[in-house]
Structure formats: C-alpha cells, structure tokens
Amino acid sequence: MAKTAEKSADSATDQYGFPQLRRRLGRADLRAVPEVRKALRDLLAQWGRPGRSDIAELLTSELVTNALIHTDYDAVFTATVGPNGLRVEVRDFVGRRPTLRVPKADDGTHGRGLVLVQSLSDAWGVRQHGVGKTVWFELL
C-alpha cells in the first residue's frame, strides 16, 4: 500500500538545525491532509504553543487541500520551527497564483481558505518559482 504523504521525505532538521517536517504529497490525494496534520501536530509538540498549534493545523489543512484540489500535480509540504516561530510552505508545480476572494454565502465550504490564512497568520504570501509557486504562512 502506497503512502500518500511519503514518510521517506521526512527530515528531522533543516540546514540550520531547526526542527523540520517535509513531505511530498501525491497528486489529488486528499488522504494526505489528515496525515500531514498529524505529523505537524507531532512536530509542534516541542514548540510549546498549544493554542497556536491548533491554528497551524487549520491553516496547513487549507494550503495542502488547495494545492491538491487546484492543481493536477504532486505538492511538497514543509514546516519549520525556528527561533521566530513556525513557517509552513506548500509548493505546487502550477504557476497560476491563488486569488484571495471574499466567499459567498452559497459557496458552501469553498473560497474561505486564503481568507483564513490571511486572518489567522502573522504573515503569509506566495513566492513564484520557475515552475510553480510556494504558498506560505508564519505564526510567531
């Protein structure tokens, strides 16, 4: 049975020695969302900010879900706990920038992800790459 969020891609620390989680996410496989949330929860157990950890899980779910729903490619999730807080990045391989839009009442659950990211994070943005982009947020 294939793993949706490949454990072989996990890493214990980034290049500066800070705790980090990195996963490659399978194309359109939404089973990766709860797996990433659990792995992030485990990483954040050492962060010592339980209220912010809940927000981190919610915003991570939004970014991962967006990457898997709105692209037809794999994505890469990275979370790093550093001296200034938490940084979460989700890289996909589609150059189209996400748009922040005010959700309509009849949209159901669609269109609220980036509004949540903007409202609940301390910083967020989109970084373009030669192929694709990275959507990120930070919690301090």
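Predicted model: local features only at pLDDT ≥ 70, side-chain atom pairs only at ≥ 80, totals over all residues.
S5 has a pairing with strand S3, residues 85-92. The two run in the antiparallel sense, and seven bridges connect them.

S5 also pairs with strand S4, which covers residues 123-128. This pairing is antiparallel as well, with six bridges joining the two strands. Here glutamine 128 faces lysine 133 of S5. S4 and S5 make up a hairpin, and four residues separate them. Within that turn, please note glycine 132, whose phi is positive, at about 95°.

I turn now to a separate region, the segment that precedes strand S1 (20-25), where alanine 12 is found. Is alanine 12 buried or exposed? Its relative accessible area is 65%, and because the cut-off for exposed is over 50%, alanine 12 counts as exposed.

Which residues does alanine 12 touch, once those up to four places away in sequence are set aside? They are Phe18, Pro19 and Gln20. Finally, consider alanine 12 together with leucine 43: 31 residues apart in sequence, the two have a C-alpha to C-alpha separation of 9.2 Å.

Technical notes. Residues numbered from 1 in each chain as written. Heavy atoms only, no water. Pairing = 2+ DSSP bridges. Buried < 20%, exposed > 50% of the residue type's maximum accessible area, 1.4 Å probe, protein only. Contact = heavy atoms within 4.5 Å.
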